[in-house]
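Try each task before you read its solution.

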Amino acid sequence: MTLNIAGAARFDGKVALITGGATGMGFATAQLFLAEGAKVVITGRSEDRLKLAAERLDGGDRLLTVAADVSKPADLARLTDEVRERFGHLDVVFANAGVGVFKRIEEFTEEDVDYVVDANFKGVFYTVQSSLPLLRDGGSIVINASWTLHRGLAIGSLYAATKAAAANLAKTLASDLADRRIRVNSVSPGYIDTDMFRESVPTTEAREDSAAQSVQKRVGTPEEVASTVAFLASDAAAFVNGVDLLVDGGVVNAIPA
Ligand SMILES: NC(=O)c1ccc[n+]([C@@H]2O[C@H](COP(=O)([O-])OP(=O)(O)OC[C@H]3O[C@@H](n4cnc5c(N)ncnc54)[C@H](OP(=O)(O)O)[C@@H]3O)[C@@H](O)[C@H]2O)c1
């Protein structure tokens, strides 16, 4: 293995698929991969958000946007066709798209359960499955899980269980795909300042409470997750496989002093 020389782009010539890439952590990851030489495909359900993201990313012919719902295998089949046609293959998959519905258990409806399981578990499963024919041997898959799978949050029963299932895929798929030298890992972000965080933690007071749970006394940035995803996808993590990496400022493992 050759180590990256300072200044060389880590992902030159590589192709990365980032689901939920129009906003938040997916967007920050798309920005970083483009800056480091990759060709990038971003997906999401909203055409408008994808259009806005494409304008901001300014990736020229190295950027492809495809409207697709990860919980719908037919959408993913169309996505695969478009990626094949445009870039021919994939080297990296960041299964990042996800949704959150946070309530006490008595309040969940059947629609809530279907919505969250469809996006956060089935969506990740189908994203990986549908991308495999395009993913080159030696490629890398990163799944976006959550700190909530490591520590109980009263309103997180549905969300956390889907994230635990998604993170579990990293372990089993690391084994399942080892014959193709495909590494599979997950990241578990803590409180990260994105649309999802602002929607589920709507008041300033509640956001300050979230920040106070970290020993670093702040919430994280999408860029801090993006750089971790890039590390896991890069040759620097060549022997990192089947792990879940917390990016949470210590929320799970350290008690604020
Ligand atoms: N923010 C946090 O504190 C936090 C902490 C831990 C983990 N996470 C996880 O991090 C990931 C990214 O979230 P974020 O915080 O960056 O929030 P975000 O900005 O809301 O990003 C979520 C993205 O996923 C897309 N998406 C949702 N459902 C989809 C579906 N069925 N098909 C395709 N795309 C879909 C959304 O686009 P459309 O709406 O256009 O489809 C959106 O771009 C999620 O998996 C989330 O669970 C977030």
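## Exercise 1: Ala 211

Once you skip the neighbours within four places in sequence, Ala 211 is in contact with Lys 217, Arg 218 and Val 219. Keep in mind that you're looking at a predicted model.

**Task.** Work out which helix holds Ala 211, and decide whether Ala 211 is buried or exposed.

**Solution.** 
- Step 1: find the element. Ala 211 sits in helix α7, which covers residues 204–212.
- Step 2: check the accessibility. Ala 211 has 12% relative accessibility, and the cut-off for buried is under 20%.
- Step 3: Ala 211 counts as buried because its relative accessibility is 12%.
- Step 4: look back along the chain. Ile 192 is 19 residues away in sequence from Ala 211, and their C-alpha atoms are 9.5 Å apart.

## Exercise 2: Arg 183

**Task.** Arg 183 is buried; find the nearest side chain of opposite charge and say how far away it is.

**Solution.** 
- Step 1: Arg 183 belongs to strand β6, residues 183–189.
- Step 2: look for a charged partner. The nearest side chain of opposite charge is Asp 235, at 5.8 Å.
- Step 3: compare with the cut-off. A salt bridge needs the atoms within 4 Å, and Arg 183 has no salt bridge.
- Step 4: The Arg 183 side chain reaches the backbone oxygen of Val 240 at 3.1 Å.
- Step 5: survey the surroundings. Not counting residues up to four places away in sequence, Arg 183 touches, among others, Gly 139, Ile 141, Leu 232 and Asn 241.

## Exercise 3: the largest nonpolar core

**Solution.** 
- Step 1: start with the members. This core has 30 residues, and those touching the most other members are Val 41, Leu 79, Leu 90, Ile 141, Ile 143 and Val 184.
- Step 2: list the suppliers. Elements that each supply at least two residues include β1, α3, β5 and α5.

## Exercise 4: the ligand

**Task.** Which residues come nearest to the ligand?

**Solution.** 
- Step 1: Of the 27 residues around the ligand, Thr 23, Arg 45, Asn 96, Tyr 159 and Thr 194 come nearest.
- Step 2: check a side chain. An N or O atom in the side chain of Arg 45 is 2.6 Å from a ligand oxygen.
- Step 3: check the backbone. Asn 96 has a backbone N or O atom 2.7 Å from an oxygen of the ligand, while a polar backbone atom of Val 70 is 2.9 Å from a ligand nitrogen.

Terms used: Residues numbered from 1 in each chain as written. Predicted model: local features only at pLDDT ≥ 70, side-chain atom pairs only at ≥ 80, totals over all residues. Heavy atoms only, no water. Core = buried A, V, L, I, M, F, W, Y, C linked by side-chain atoms within 4.5 Å. Buried < 20%, exposed > 50% of the residue type's maximum accessible area, 1.4 Å probe, protein only. Helix = DSSP H or I, 4+ residues; strand = E, 2+ residues; numbered from the N terminus. Lys, Arg positive; Asp, Glu negative; His and termini not counted. Polar contact = N/O pair within 3.5 Å; in protein donor to acceptor, adjacent residues only side chain to side chain. Contact = heavy atoms within 4.5 Å. Near = heavy atom within 4 Å.
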